[in-house]
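This report walks through one structure for a reader who is new to the subject. Please keep the sequence and the 3D view open while reading.

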Amino acid sequence: MPRILTMSMMAILAVPGMAWAQGAAAAGGDDLAKAFAVLAAGLGFGLAAGLCGLGQGRAAGQAVDAMARQPGAIARIQTAMLLGLAFIESLVLFVFVIAVILLFVKS
Amino acid sequence: MELIEHPPILHIAAIPDHILYTWIAMAILITVAFVASRRVQLVPTGSQNFMEIVLEQFVKELDETIGHDGRRYLPLIATLGLFILVSNLMGLVPGLVAPTANLNTTAACALIVFVTYHVIGVRKQGFIPYLKHFAGPVPTVLKPLMFVIEIISHCARPLSLSLRLFGNMMAGHILLAIFFFMMGFDGMLGWALRGSVAGLVIGAPAALIMVVFVVGFLFPLKILVAFIQTFIFCKLAMLYIAAAVEEAEHH
C-alpha cells in the first residue's frame, strides 16, 4: 500500500513536468526551468505552511492548556507563546522568501 | 506583481518607494511627538496622555525583560517599535506602501539591534571576557566547537529578525493585493458588471463574500499581525540586550 502511494505521488509530481516537456520541446530549457520553479515554490510553500500549522497548533494548544491550569500566569504564558509562535512562523517565512525569489527573480 | 498591483498614490521618480514612505512614517512620528511634547504638563491631557500610555507599555516590557537597568534602553527600543508599528499600519491603507515590506528597511533595523547589543555587551564586561562568553560553560575540549556554533547563532539573529518582519509584511501585502484584484473590476465584480447570466449568478455573490471576508476577517487579522510583529521585534531586541547585560552580572 505505501508503495502504491509513493508511486502515485511520484506520478503526480512528474505529470506537469512531462506535460511541459512535450509542449516546450521547441521552447528550450528556460521555460522548463521556470515551470519547475513555479512547481517548487507551490509545493514547498504548501509543505511549509502545513507543517507550521501542526507546530503552531501544538504550541498554542499547550499554551491554552497551561493557561487553563494556571490562570494567574496568563500574561507570562501569553508572551512566551507569542515568542514561540514567531520562531516557528519565521521558518515558514524563510520558505516564503525563497518562493518569492523563485517566482519573481529572473535567474 | 505589477499585473495585480496598483502603483502607490505618491510616487517620485528616482526615489525608491520604501524610502519615500519611510520619510512619511518619520513625518507622522515627528509630528505626533512634537504635538505631544509641546506643552508638557504634570497632569497629561490629549496627545501627551496618549503618548505617555504608549511609552508606558515599552517601559513595562523593559522592566520585565531587562530588569532594573532596562530603562536606559527605552529610546532605542521605543524608537524602533514606534517606527515599525507606524510602518506596518501604513501598509494596510490602500494606496500606501509599508516600508517594512522591503528587506532593506527591516535589515537596517535588525543591524542596529545587532550592533547595539554587542556594543553594550563589550562595554559592560570588556572585549576579552565578552568573547569568552561565547564559549559557554562546557569542558575545555568542547570550547572551540561551542565558540563557532555560538558565532553562527549570533549571525543568524539579525537574519531571522529582519526576514521575519519582512516576510510577514510582504506576505500580507501580496495576500491583500491578490484579494483586491480578485474581487475588483478585473475580477469577480467586473465579471458581474459585464452582464452575462453566469457573471451575475456566480460573480456577484462571490464578490460580496470576498468583501465580507476581507473587511471582516483579513483586515482585523492584519492589524493584529502588525501589532504582534512590532511586539516580537521589540521583545527580541530586549532579550538580546538582556542576555548581553546579564552575563556581566553573573561573573
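H4(B) is followed by B:Gly126, which has a positive phi near 80 degrees. The model is a predicted one, in which local features need pLDDT of at least 70 and side-chain atom pairs count only at pLDDT 80 or more, while totals for chains, interfaces and linings use all residues. Residues are numbered from 1 along each chain as its sequence is written, and chains are lettered from A and ligands numbered from 1 in the order in which they are written.

The helices named here are DSSP runs of H or I with at least four residues, strands are runs of E with at least two, and both are numbered from the N terminus. Helix H4 of chain B covers residues 103–125, and because its 23 residues should span 33 Å at 1.5 Å a residue, the 33 Å between its end C-alpha atoms agrees with that expectation; the expected span is 1.5 Å times one less than the number of residues. The buried residues of H4(B) include B:Thr105, B:Cys109, B:Val113, B:Tyr117 and B:Gln125, where buried means that 20 or more other C-beta atoms, placed from the backbone, lie within 10 Å of the residue's own.

A nonpolar core is a set of buried Ala, Val, Leu, Ile, Met, Phe, Trp, Tyr and Cys residues joined through C-beta atoms within 7 Å. The two cores described for this model are set out below.

| Core | Size | Residues, among them |
|---|---|---|
| Largest | 46 residues | B:Ile77, B:Val113, B:Phe233 |
| Second, separate | 5 residues | B:Met188, B:Leu189, B:Ala207 |

Leaving aside neighbours within four places in sequence, B:Phe233 is in contact with B:Leu80, B:Ile84, B:Leu161 and B:Leu165, and contact here means that the C-beta atoms, placed from the backbone, lie within 7 Å.

Chain A has 3 helices and 0 strands, and buried residues make up 7% of its 107 residues. Where the two chains touch, 11 residues of chain B are in contact with 9 residues of chain A. On that side of chain B, the elements that give two or more residues are helix H6 (143–183) and helix H8 (197–250), and H6(B) gives the most, with 6 residues.

As for confidence, chain B averages a pLDDT of 86, and 96% of the residues score at least 70, pLDDT being the predictor's confidence in each residue from 0 to 100. The model scores ipTM 0.71 and pTM 0.82.

Terms used: A residue is buried if 20 or more other C-beta atoms lie within 10 Å of its own, exposed if 12 or fewer, and partly exposed in between; C-beta atoms are placed from the backbone.
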